[in-house]
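Try each task yourself, then read through the solution.

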Amino acid sequence: MTQYWFARRRAEDIGKPAFKGRFYPMVWQGWAVVGVFLGAMALGVLLLFESARLGAGLVMSLIPFIMLTAFGAGVIMLATVSKGDPDHTVAQYRAGEVGKGRGHV
């Protein structure tokens, strides 16, 4: 049995491919992935402002932001595709219809 970190947000998304639906974190590991994404974006913004303050050009200031944002987006996409439950919603997990963070066999 696989432990899922994410589940579908709405029942309408069930049956769609993993990259075409909304996922929502269910367990702390899922929230940690969201934190990595947000942290990468925040670090990118800080580096953007710092490099602009030091006199770097716009393009050179944007490069770290774009790279860190792409890294964070890649992490969250990989996690939702590999650890997302495409067949159940968060509401089903909360109601106890599916085990806590556990998918069906």
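**Exercise 1.** In what order do the three strands of the open sheet lie, and which strands stand at the edges?

Solution. This is a predicted model. Its three strands form an open sheet with the order E2-E1-E3 and mixed pairing. Strand E2 (23-25) and strand E3 (84-89) are at the edges with a single partner strand each, so one side of each has no neighbour in the sheet. From one strand to the next, the twist averages 40°. Next, look at E1 (residues 6-8) and E3: they run parallel and are joined by three bridges. Within this part of the sheet, Arg8 stands opposite Thr89 in E3.

**Exercise 2.** Work out how helices H1 and H2 are oriented to each other.

Solution. Start with the angle: H1 (residues 28-53) and H2 (residues 58-83) pack at about 175°, and their axes are 7 Å apart. Angles over 145 degrees count as roughly antiparallel, and H1 and H2 are therefore roughly antiparallel to each other. Their contact is made up of 20 nonpolar residues, five polar and no charged.

Now place the helices on the sheet. H1 lies across E1 and E2, at about 105° to E2, while H2 lies across E1, E2 and E3, at about 60° to E3.

**Exercise 3.** Is Thr80 buried or exposed?

Solution. First locate Thr80: it sits in helix H2. Its relative accessibility is 14%. Buried means under 20%, so Thr80 counts as buried. Then check its surroundings: leaving aside neighbours within four places in sequence, Thr80 is in contact with Phe6 and Phe23. A polar atom of the Thr80 side chain also lies 3.0 Å from the backbone oxygen of Met77.

Notes: Residues are numbered from 1 along each chain as its sequence is written. This is a predicted model: local features need pLDDT of at least 70, side-chain atom pairs count only at pLDDT 80 or more; totals for chains, interfaces and linings use all residues. Side-chain values use heavy atoms; hydrogens and water are left out. Axes are lines fitted to C-alpha atoms, for helices over the stretch in contact, and angles run from 0 to 180 degrees between N-to-C directions. Helices (H or I, at least four residues) and strands (E, at least two) are DSSP runs, numbered from the N terminus. Angles under 35 degrees count as roughly parallel, over 145 as roughly antiparallel, 65 to 115 as roughly perpendicular and the rest as oblique. Ala, Val, Leu, Ile, Met, Phe, Trp, Tyr, Cys and Pro count as nonpolar, Asp, Glu, Lys and Arg as charged, and the others, Gly among them, as polar. Buried means under 20% relative accessible area, exposed over 50%, partly exposed in between (1.4 Å probe, protein chains only). A polar contact is a pair of N or O atoms within 3.5 Å; within protein, one must be able to donate a hydrogen and the other to accept it, and residues adjacent in sequence count only if both atoms are side-chain atoms. Contact means heavy atoms within 4.5 Å. Two strands pair if DSSP finds at least two bridges between them.
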